[in-house]
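I opened this model to go through its charged pairs, its strand partners and a few backbone angles. Here are my notes, in the order I looked things up.

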Amino acid sequence: MVIGCTKEEVLRVGTPYIDDGSEGVKFHSDITHSASIGTLREIINDEDDVGKPKDLGEVADTFFSLDSPKEGIAEIRRYVWYQDDASSILYSEGADVYSALTAEQTN
């Protein structure tokens, strides 16, 4: 599970916002637990690409990025919209791709 994960990686979690025309993310959590990062990598590798859902809100519920601060890069970046059935829709801005996670993967 922790293959490819180093202690220098940080999973940053925040809340996206749009305020008076400016957009951004207010980060509130930094996770360095290697098992959690490994699990995230496995889930992302199993994402199922979907077309852009029509009923997404303008602002995502959550944003996360997997950063390597030492190298100054963000390897994984996703906006997350939680669905009523406990599943979620993820959006990769750089790749302009939407994907779906099951309720179990979202949890």
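**Entry 1: salt bridges**

I started with Asp-30, which forms a salt bridge with Arg-12, the closest N and O atoms being 3.5 Å apart. Asp-30 belongs to strand E2 and Arg-12 to strand E1, so this pair ties together parts that are 18 residues apart in sequence. I then looked up the accessibility of both partners. Asp-30 is exposed, at a relative accessible area of 55%, while Arg-12 is partly exposed at 27%. A reminder to myself: this is a predicted model, so I am reading computed values throughout.

How many salt bridges are there by this rule? The count comes to 4.

Next on my list was Glu-75 with Arg-41, where the closest N and O atoms are 2.6 Å apart. Is Arg-41 buried or exposed? Arg-41 counts as buried, because its relative accessibility is 14% and the cut-off for buried is under 20%. Glu-75 is partly exposed, with a relative accessible area of 43%.

I also checked Glu-47, which forms a salt bridge with Arg-78, the closest N and O atoms being 3.1 Å apart. This pair links distant parts of the chain: Glu-47 is in the loop between H1 and E3, Arg-78 is in strand E5, and they are 31 residues apart. Glu-47 counts as buried at 16% relative accessibility, and Arg-78 counts as buried too, at 11%. I noted one network as well: salt bridges that share partners join Glu-9, Arg-41 and Glu-75.

H1 covers residues 34–45, which makes 12 residues. From its first C-alpha to its last, H1 reaches 17 Å, close to the 16 Å expected at 1.5 Å a residue. Which residues of H1 are buried? They are Ile-37, Gly-38, Leu-40, Arg-41, Ile-43 and Ile-44. I kept a general point beside that list: an α-helix has 3.6 residues a turn, so residues three or four places apart point the same way.

**Entry 2: strands and hairpins**

I followed the strand pairing from E4 onward. Strand E4 (residues 62–68) pairs with E5 in the antiparallel sense over 7 bridges, and Ser-68 stands opposite Ile-73 in E5. These two strands form a hairpin with 4 residues between them, and Gly-72 in the turn has a positive phi of about 70°.

From E5 I moved to E6. The two run antiparallel and are joined by 4 bridges. Which residue in E6 is the bridge partner of Tyr-79? The partner is Tyr-91. E5 and E6 make a hairpin with 5 residues between them.

E6 in turn pairs with E7 in the antiparallel sense, over 5 bridges. Tyr-91 turns up again here, standing opposite Tyr-98 in E7. This hairpin has 4 residues between its strands, and Asp-96 in the turn shows a positive phi of about 55°.

I finished with E3. Strand E3 (residues 48–50) runs antiparallel to strand E7 (residues 97–101), and 3 bridges join them. Asp-48 has Ala-100 in E7 as its bridge partner.

**Entry 3: positive phi**

Why did I go looking for these? Most residues other than glycine have a negative phi.

Where is Asp-20? It is in the loop between strand E1 (10–19) and strand E2 (22–31). Asp-20 counts as exposed, at 78% relative accessibility.

Ala-86 also has a positive phi, about 75°, although it is not a glycine. I found Ala-86 in the loop between strand E5 (73–82) and strand E6 (88–92), which puts this residue in the turn of the E5 and E6 hairpin I had noted above. Ala-86 is partly exposed, with a relative accessible area of 42%.

Terms used. Residues numbered from 1 in each chain as written. Predicted model: local features only at pLDDT ≥ 70, side-chain atom pairs only at ≥ 80, totals over all residues. Heavy atoms only, no water. Expected span 1.5 Å × (residues − 1). Buried < 20%, exposed > 50% of the residue type's maximum accessible area, 1.4 Å probe, protein only. Pairing = 2+ DSSP bridges. Salt bridge = Lys/Arg side-chain N within 4 Å of Asp/Glu carboxyl O.
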